[in-house]
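Student: Hi! Could we go through this structure together, one question at a time?
Tutor: Happy to! Let's have a look.

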Amino acid sequence: MSAQASNLPISIEATLELLSRGSYVAGRSLATTLFLALKMGRPLFLEGEAGVGKTEIAKVLSAALGRRLIRLQCYEGLDVASAVYEWNYARQMIEIRLAEAAGNIDRKGLADDVFSSEFLIERPLLQALRSDDAGPPVLLIDELDRTDEPFEAYLLEILSDFQITIPEIGTIKADAPPIVIITSNRTREIHDALKRRCLYHWVDYPNAERELQIVAAKLPGINKQLSQQVVAFVQRLRDEDLFKLPGVAETLDWADALTQLDRVSLDGDAIDNTLGALLKYQDDIAKIRGSEAARLLEQVKMELSGHGSVGG
Amino acid sequence: MSAPESEIEGRLAENILYFARLLRSAGLPVGPGKVLDAITAVRLIGVGTQSDFYICLFSLFVNRNDQRELFEQAFHIFWRNPHFMERMMSAMLPTIRLEQEAELEEMSRRITEALATGDEKSRADTELDKVEFDAAFTYSQREVLQEKDFEQMSAAEIAEAKRAIASLRLPIIEVPTRRFRRSAQGKQVDMRATLRAVLRSGDGIPLRFKKPRRRHPPLVILCDISGSMSRYSRMFLHFMHAITNDRDRVHGFVFGTRLTNITRHLRHRDIDVAVEKAADAVQDWDGGTRIGECLKQFNTIWSRRVLGQGAITLIISDGLDRDEAKGLEKEMERLSKSTRRLIWLNPLLRYEGFEPKATGIRAMLPYVSDFKSVHNLNSLTALTEVLSRP
């Protein structure tokens, strides 16, 4: 137990360092919230636009701490059978048939038999209550906003006690509560009662400096000039009046796409041809493609050259 | 304390009676039995502090938390100045009533209405029926009210219409979800239940079935509160409040020159508090309309947050746009693509021979799945039929 506890970061700096080991460039506010969540044993509730690296935090955390990652992808209609546990009906049927063939008529005994943990299929939430040698796992409840309110209410119960009751077996309680990360794209509001139990963090788009670090960390071989231009361009694009602003994931995709095309700097043609990696709505693409892109590129170049002269 | 005790008690009992009457006309279920109980209770605790007295009456007259606000206001108006009611009762002539209007301003509208009703009754008692008064309704009048345009209603008729709206229920079509419940008519086998049945019966496999649960989809209401809609917009606010409190997953927005989300304000059980809070949040009452701009705000900021899980959208607007429908068509197209159904309610549609000439209306019409008139109680009730269609 003490070995596990020492595994966790002991300060905000240590948390930042832990994340950067997993090549996740985090802002200090995120590191602070994460540190507190780990320290206080509270779930971390991450909300933000698609593609800003919410899910990635859980992945990096589990890798850096050496914990198991258990992911529950939410969707509309998610129920106990696919989130918590289910009985292995086929095996139960066979067991009953075998018992009958063997002339076993003790129904009560048979019932106890087939409703035992041997026939139980554990789904993510139940798995998350089981610790292994490395310590309690990281439980990622991804895109909680996609599921419906009844499931949210059920989750409330689990997150407060970290125990699950199966009528046929009894109550299963976690030896040590898992590290819980909940993400939401905000396609609907999550109920206040659930949010209240969590530490909340809004994952925003990174500023230019941090985005540059992210590109450098994720695409180590990238041309420096290209990455600077890409980041500056995307930063300007986020000030535009678009339906869906590009996230960090799009920046990385775009930078990667341009690298694949052997580009070392941006030009009008390259932007127009690869804009699909960055913008995912036709209206947005139509708005930016051509003269608008050229104008933004012009600004980017001026900004970067200005930067260069100040720096050099 | 010079007056004999019985006389004080008599006056107190009388005041409690008046107070109960006030509460009753404000809509609290206060029967005669409750009044007798209250008088007994007050006798038991004695005429002590005001807070004891308050709690005593509260515990008897209030039985739901959402009545508290109303009770509190009524209590303070009535008991802080014990002669207030008497003055109200004697304030029969319109001239005197005017003087008191300032005093009434702060009061909840329902309390005011309740006071006005009491006022009228006492006048009837003293046979001063030469003053015209139109607050009371008979059944035939109610029928007329159903047909009457909101725009032409008197204050009292509006009050009555609001009461009718408050009891309005909208049966929105229920859609199947991906959750199941046990049902003999179901088409899918419920394995868990089947297995239990197998163990119980001991002979063969008695199949148990399940079918999808059904649930109404979320409802999003966008209501125009610009100047051209002013006679209607407050009525629709009442309508939105009634629906919001009738079911879950309702989101309310109002727009004029800008879009305001008033969902949280509408959740307040008491209609007066809800409308007041909503009105505080809104900054563009009775101004111009920029439908295109507001829909754009909705599309970019809110649509992805509230239109999930197959939501139905209601737009309440006359479609008269100050911006000459700039960008409106594009936003309408996007909105219609992100919602299960887009229903447009337009009060202008009541005019026979209504032609969609205004550019705003023409830009919006191609994208709505239903275009309905909404200008009186009947048309609101008719909405039921539209919303219960798949």
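Student: Which helices and strands does chain B have, by count?
Tutor: Keep in mind that this is a predicted model. Counting the elements of chain B gives nine strands and 17 helices.

Student: What share of the residues in chain B is buried?
Tutor: A residue counts as buried when its relative accessible area is under 20%. Chain B has 390 residues, and the buried share of them is 47%.

Student: How much area is buried between chain A and chain B?
Tutor: Good one to ask, because the size of an interface is often given as the accessible area lost when the parts come together. Here carbon and sulfur atoms give 50% of the buried area, and the total between chain A and chain B is about 2,800 Å².

Student: Which three residues supply more of the area that chain A buries against chain B than any other three?
Tutor: Look at the side of chain A, which brings 37 residues to the contact. Three of its residues supply 23% of the area that chain A buries against chain B, and they are A:Tyr89, A:Arg107 and A:Phe243.

Student: Which element gives the most to the side of chain A that touches chain B?
Tutor: The elements of chain A that give two or more residues include strand E3 (85-87) and helix H6 (89-101). The one that gives the most, with five residues, is H6(A).

Conventions: Residues numbered from 1 in each chain as written. Chains lettered and ligands numbered in written order. Predicted model: local features only at pLDDT ≥ 70, side-chain atom pairs only at ≥ 80, totals over all residues. Heavy atoms only, no water. Contact = heavy atoms within 4.5 Å. Buried area = accessible area lost by both parts, 1.4 Å probe. Helix = DSSP H or I, 4+ residues; strand = E, 2+ residues; numbered from the N terminus. Buried < 20%, exposed > 50% of the residue type's maximum accessible area, 1.4 Å probe, protein only.
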